[in-house]
Amino acid sequence: MNLSSLAMAAPRQYWVDNLDPWIIHFSGGLGIRWYGIAYALGILLTAYLFSRWSRQGRLPVSLHQVDTLIIYGAAGLLVGGRLGYCLLYDFHEISHHPLQVFAVWNGGMSSHGGILGMVLGICVFAWQRKLNPWFFLDAAVVAGPLAIGLGRIANFINGELWGRPTTVPWAVIFPRSPLVNGMEVPRHPSQLYAAAIEGLLLFLVARWLYRSHPRPGFTTGAVCALYGIGRFIDEFWREPDVGQPVFWGWMSKGQLLTIPMIVAGIALAVWRARRTAQDSPDAWSTERDTKAAH
């Protein structure tokens, strides 16, 4: 059965994603969205894990300083995510209407930009206190997949970032997706695939790495590479964004952007794995770092 004939029967055979993206909607762009709740829950879960690791001595900061660390990381995530989207995916619009950068109610966040912004925020926190940033980055990449998974679930509720057309039994019809031959067609719920791969699975692997390899920086590099690989894989099910180029007839822009991340992650993991226990803190608070690493 081809997609055109399937589309005619799709409303009777496939679930339609008509979920309300708003929990509370006042008017216009004012209200509380599931997407915002996902961000808030991700930050709260990260704060919980950081506090736990601080009490265990894995993070060289007090519980009071954990709150400040979360603020730095969250600010970097939000600013980097928004700027990353505007520069990587919506540069033409932003170049003509720069103030649209602040129109967060219109959506648009880049995971690549968010990750980079979070890294910079955490590094600034560590540098200001003359602490080894690898301990904080390792903790962040363990907690991060939980926030990513929640964000992907919010994408599904919003009916955005839909998958490619398919006939699998669990396919979903997304009313906002492009029509095929003038009709709606079922698509892969790629947001849920990403929630499982980039979220839950990556968290479980990252947690194991964090426990098994205490050398600072190794977990950061390994998880960075694994996230890039996971993102590259689940992009095969995701429909490329409208207006975005497809390279060599099959590679999306999202996949292309993950390649430097994979390469950098592997290089970082190898470099940090070769560092000796005495050399790993890079001369930043070595005595305190060594204590926290154990």
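User: Leaving aside neighbours within four places in sequence, which residues is Asn155 in contact with?
Analyst: In this predicted model, Asn155 is in contact with Tyr35, Glu160, Leu161 and Gln191, once its neighbours within four places in sequence are left aside.

User: Is Asn155 buried or exposed?
Analyst: Asn155 is buried, because its relative accessible area is 3% and buried means under 20%.

User: And where is Asn155 found?
Analyst: Asn155 is found in helix H6, which covers residues 133-158.

User: Let us turn to H6 and H8. At roughly what angle do their axes cross?
Analyst: The axes of H6 and H8 (residues 218-234) cross at roughly 25 degrees and come within 7 Å.

User: Are they roughly parallel or roughly antiparallel, then?
Analyst: H6 and H8 are roughly parallel to each other, because the crossing angle of roughly 25 degrees falls under 35 degrees.

User: Is the crossing left-handed or right-handed?
Analyst: The crossing of H6 and H8 is left-handed.

User: Which residues meet there?
Analyst: From H6, the residues are Trp134, Leu137, Asp138, Val141, Val142, Ile148 and Arg152. In H8, they meet Phe218, Thr219, Thr220, Val223, Tyr227 and Arg231. By class, this contact of H6 with H8 has eight nonpolar, two polar and three charged residues.

User: Thr219 is on that list. Is Thr219 buried or exposed?
Analyst: Thr219, in helix H8, counts as buried because its relative accessibility is 0%.

User: How far apart in space are Thr219 and Gly265?
Analyst: Their C-alpha atoms are 9.4 Å apart, while the two residues are 46 residues apart in sequence.

User: Changing topic: how many disulfides does the structure hold?
Analyst: The structure holds zero disulfides.

User: What about the accessibility of Cys123 and Cys224?
Analyst: Cys123 is buried, with a relative accessible area of 9%. Cys224 counts as partly exposed, because its relative accessibility is 25%, which lies between the limits of 20% and 50%.

User: Finally, the protein overall. How many helices and strands are there?
Analyst: The protein has ten helices and six strands. Of its 294 residues, 46% are buried.

User: And what share of the contacts with a separation of 6 or more comes from residues 24 or more positions apart?
Analyst: Residues 24 or more positions apart account for 68% of those contacts.

Technical notes: Residues are numbered from 1 along each chain as its sequence is written. This is a predicted model: local features need pLDDT of at least 70, side-chain atom pairs count only at pLDDT 80 or more; totals for chains, interfaces and linings use all residues. Side-chain values use heavy atoms; hydrogens and water are left out. A disulfide is a pair of cysteine sulfur atoms within 2.5 Å. Buried means under 20% relative accessible area, exposed over 50%, partly exposed in between (1.4 Å probe, protein chains only). Axes are lines fitted to C-alpha atoms, for helices over the stretch in contact, and angles run from 0 to 180 degrees between N-to-C directions. Helices (H or I, at least four residues) and strands (E, at least two) are DSSP runs, numbered from the N terminus. Angles under 35 degrees count as roughly parallel, over 145 as roughly antiparallel, 65 to 115 as roughly perpendicular and the rest as oblique. A crossing is left-handed if the near helix is turned anticlockwise from the far one by less than a right angle, and right-handed if clockwise. Contact means heavy atoms within 4.5 Å. Ala, Val, Leu, Ile, Met, Phe, Trp, Tyr, Cys and Pro count as nonpolar, Asp, Glu, Lys and Arg as charged, and the others, Gly among them, as polar.
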